[in-house]
Amino acid sequence: MAILPICKYGDPVLRKKSEPIREITPELRQLAMDMLETLYDAPGCGLAAPQIGKNIRLVVIDTTLPEEEEKDPHIMFNPEWEPEEDAKPCDYDEGCLSVPDIFCNVVRPDKVAVRFFDINGEPQEIRHCEGLFARCIQHEVDHLNGDLFVDKISTSDRTLNQSKLRKMAKETQSKLKKK
Ligand code: NI
């Protein structure tokens with residue numbers, strides 16, 4: 001297993017639409033395990049492949065707290081979600097491992113169903129996902145489409161965080177040039 005470097009705001013890889021995965025190879029299984037280890041190390045509750053520099057449709061999610069011993073890892077290849085019929089808009093302060101130190105309210109449906117392929121290539125569906133799990137699914141799938149939570153925050157929150165975001169993008173771009 002390996003801890004992978006996390007790409008930060010301003011890296012163009014975060015803005016590209018990711019490709020569907022056609023075959024779950026041993027390399028992709030290993031990558032998923034490395035992404036989980038990276039997630040636990042960060043720590044965070046979700047990580048999408050673009051965040052470790054790969055534009056492929058793979059996300060890992062675990063909404064247990066860092067101090068909890070019993071983990072609940074989800075590895076999702078080609079995830080797709082839709083709101084449940086009784087879903088309501090819900091407020092929550094989101095953050096992102098690629099956008100450190102910024103937390104802002106994002107409104108999203110509170111209840112979703114998600115379909116994906118598991119690590120064995122089996123199709124799976126989880127209905128009535130709620131709370132942080134439902135939130136993470138939507139946030140991570142956004143990453144696969146090149147979207148970030150800061151695109152969805154209010155105009156006033158955007159204004160408040162604009163200089164922080166600009167600085168972050170500049171720092172990322174100068175680091176990328178040095179590579
Ligand atoms: Ni994120």
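This note goes through the nickel site, a strand pairing and some salt bridges in a predicted model.

1. Residues are numbered from 1 along each chain as its sequence is written, and side-chain values use heavy atoms, with hydrogens and water left out. Because the model is predicted, local features need pLDDT of at least 70 and side-chain atom pairs count only at pLDDT 80 or more, while totals for chains, interfaces and linings use all residues.

2. The nickel ion has as protein donors Cys96 (SG), His139 (NE2) and His143 (NE2), at 2.1 to 2.3 Å; donors are N, O and S atoms within 2.8 Å of the metal (3.2 Å for Na, K and Ca), and sites may look incomplete since water is not among the atoms. Cys96 belongs to strand β4 and His139 to helix α2, so the pair ties together parts that are 43 residues apart in sequence. Helices (H or I, at least four residues) and strands (E, at least two) are DSSP runs, numbered from the N terminus.

3. Strands β6 (residues 112-117) and β7 (residues 123-129) run antiparallel and are joined by five bridges, where pairing requires that DSSP finds at least two bridges between two strands. Phe117 has Pro123 in β7 as its bridge partner.

4. Glu125 forms a salt bridge with Arg115, with the closest N and O atoms 3.7 Å apart; the term means a side-chain nitrogen of Lys or Arg within 4 Å of a carboxyl oxygen of Asp or Glu. Glu125 lies in β7 and Arg115 in β6, so this pair ties together parts ten residues apart in sequence.

5. Another salt bridge joins Asp142 to Lys152, the closest N and O atoms being 3.0 Å apart.
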